[in-house]
Amino acid sequence: GWSPGDDREVMSKPELIEAFDVARILKKSAVFDPRKLEWLNGQHITRMDSALLVAAVEEALVKGGGLSLEQLTAEHDRLDQVIHIVKERARTLDELVDQARPFFADDITYDDRAVQKHWKNGETTVKRLRALADRFAASTSFEPQPLEHELRGLADELEISAAKLIHPLRVALMGVAVSPGIFDVLSLMGRERTLARLARASEHLADESGHPA
């Protein structure tokens with residue numbers, strides 16, 4: 001039932017101590033709002049010291065993500081970059097870990113709703129994912145801007161919107177319908193893992209549709 005008397009909502013512990021005044025405790029009952037609590041938790045995650053956040057995610061990925069400490073230690077810089085782009089969408093540490101895992105795991109699962117929405121026509125999706133794989137395999141650079149150029153160039157050739165490639169691609173790479181910017185995802189995932197994910201998605205869709213891989 002206390003507030004600092006201004007519009008501040010996210011405060012550090014030292015700021016809270018400095019601002020606290022018993023006289024500002026309200027007589028009316030305080031309200032416990034789980035949604036607001038999650039939002040507030042997310043705000044603190046985005047402000048958390050990078051080294052502490054990386055250590056916490058690393059520990060969680062090893063304990064529950066099937067990843068080895070050796071692997072994550074070797075890829076420490078990439079983990080730091082991944083956390084930087086995914087933390088804006090995470091409201092809890094568990095969400096942050098779930099969003100970071102696809103960048104390092106050998107395999108992923110596909111969300112049913114994402115599949116139903118963006119992989120409706122399996123045969124067409126396979127053709128498009130394979131065409132993207134060919135483009136990415138031949139790309140001289142695996143940085144966001146050249147990758148975007150390759151994808152949009154393919155969309156123009158196929159006479160479709162870029163979104164019709166981006167959404168199926170996101171499901172193939174991340175297993176879900178929502179992620180950070182797809183070209184940042186591609187670059188951080190790297191050429192080898194990207195091509196492996198596209199091959200696996202194509203095989204999965206071919207099996208589901210009954211067509212040969």
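Phe-20, Val-22 and Ile-25 make a nonpolar surface patch of about 290 Å² (patch residues have over 30% relative accessible area and no salt bridge, and nonpolar side chains are joined within 5 Å). The model is predicted, with local features needing pLDDT of at least 70 and side-chain atom pairs pLDDT 80 or more, while totals for chains, interfaces and linings use all residues. Residues are numbered from 1 along each chain as its sequence is written, and side-chain values use heavy atoms, without hydrogens or water.

Val-22 is found in the loop between helix H1 (13-19) and helix H2 (34-47) (helices are DSSP runs, H or I, of at least four residues, numbered from the N terminus). With a relative accessibility of 58%, Val-22 counts as exposed (exposed means over 50% relative accessible area, buried under 20%, partly exposed in between, with a 1.4 Å probe and protein chains only).

Arg-170 lies in helix H10 (residues 163-174). Arg-170 is buried and has no salt bridge (a side-chain nitrogen of Lys or Arg within 4 Å of a carboxyl oxygen of Asp or Glu). The nearest side chain of opposite charge belongs to Asp-184, 9.5 Å away. Beyond its neighbours within four places in sequence, Arg-170 is in contact with residues including Gly-175, Val-178 and Ile-182 (contact means heavy atoms within 4.5 Å).

Val-178 is 80 residues from Asp-98 in sequence, and the two are 12 Å apart in space, C-alpha to C-alpha. Asp-98 belongs to helix H6 (residues 93-100) and is partly exposed, at 47% relative accessible area.

How values were computed: Helix = DSSP H or I, 4+ residues; strand = E, 2+ residues; numbered from the N terminus. Lys, Arg positive; Asp, Glu negative; His and termini not counted. Patch = residues over 30% accessible without salt bridge, like charges linked within 9 Å, V, L, I, M, F, W, Y side chains within 5 Å. Areas by Shrake-Rupley, 256 points an atom, 1.4 Å probe, with all protein chains shown as cover.
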